[in-house]
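Here is a brief report for a first look.

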Amino acid sequence: MSRALHLTGDAEADRLLSQDPLALMIGMLLDQQVTMESAFAGPKKILDRLGSLRAEDIAAMDPERFADLCAEPPAVHRFPGSMAKRIQALCQALLEEYGGDPEVLWTSGSPDGPEVLRRLRALPGFGAQKAQIFLALLGKQWGADIPGWREAAGDYGREGSRRSIADVVDENTLHEVRAEKKRLKAAAKNKG
């Protein structure tokens, strides 16, 4: 399937995300405490520095060396050391459970939305919300054929929503998602 994601504002980083499921998953892992674009640009930085974006290679690296690689300016994340550990833990889990191929997570055994969500939540660094957002990203933009993904993704799966990276397809929708996140945060703050 040919897909063209537009998540970072950088054509090369977006091309990598469009073609490589591990890049997309690492981008999702990094999507916290930094801008969405910065998080999803992280996998391209790793590829450029390591020369590979294979779960086997990342998991096998010396942790200090990988942390240094992630901290090299411009850093892969605002907290490169802790995120380096999370990336390696994710890659190790993918190796153990899915032979290093993230796509197996949403294809093996023809899983439905709730099962893919359960599998995602079992990964290091993927809590309930992150798992739902990633499931929505798979359904809305990756073209994954997962029955029931919209329901399992909750509000993030709604058609026409502007709640997360799963809804970013261009500069305009990026601004709409930011505005909605700001509105939801203010509403939660006012609530209590």
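## Cysteines

The whole structure holds zero disulfides. The model is a predicted one. A disulfide needs the two sulfur atoms within 2.5 Å. Cys91 is likewise in no disulfide, since its nearest cysteine sulfur is that of Cys70.

Are these cysteines buried or exposed? Cys70 is buried, at 1% relative accessibility. Cys91 is buried too, at 0%.

## His77

His77 sits in a loop. That loop runs between helix H5 (63-71) and helix H6 (80-98). His77 is buried, with a relative accessible area of 3%.

Which residues does His77 touch, leaving aside those up to four places away in sequence? They are Leu30, Gln32, Val34 and Met83.

## Helix H8

Helix H8 spans residues 113-121. Its buried residues are Gly113, Val116, Leu117, Arg119 and Leu120. They lie on the same side of H8, because they cover an arc of only 160° around the axis. In general, residues three or four places apart in an α-helix point the same way, because there are 3.6 residues a turn.

What covers the buried residues of H8? The cover includes helix H2 (21-30), H6, helix H7 (102-107), helix H9 (128-142) and helix H10 (149-152). At the start of H8, a side-chain oxygen of Asp112 comes within 3.0 Å of the backbone nitrogen of Glu115.

Note on methods. Residues numbered from 1 in each chain as written. Predicted model: local features only at pLDDT ≥ 70, side-chain atom pairs only at ≥ 80, totals over all residues. Heavy atoms only, no water. Buried < 20%, exposed > 50% of the residue type's maximum accessible area, 1.4 Å probe, protein only. Helix = DSSP H or I, 4+ residues; strand = E, 2+ residues; numbered from the N terminus. Contact = heavy atoms within 4.5 Å. Arc of directions from axis to C-beta. Polar contact = N/O pair within 3.5 Å; in protein donor to acceptor, adjacent residues only side chain to side chain.
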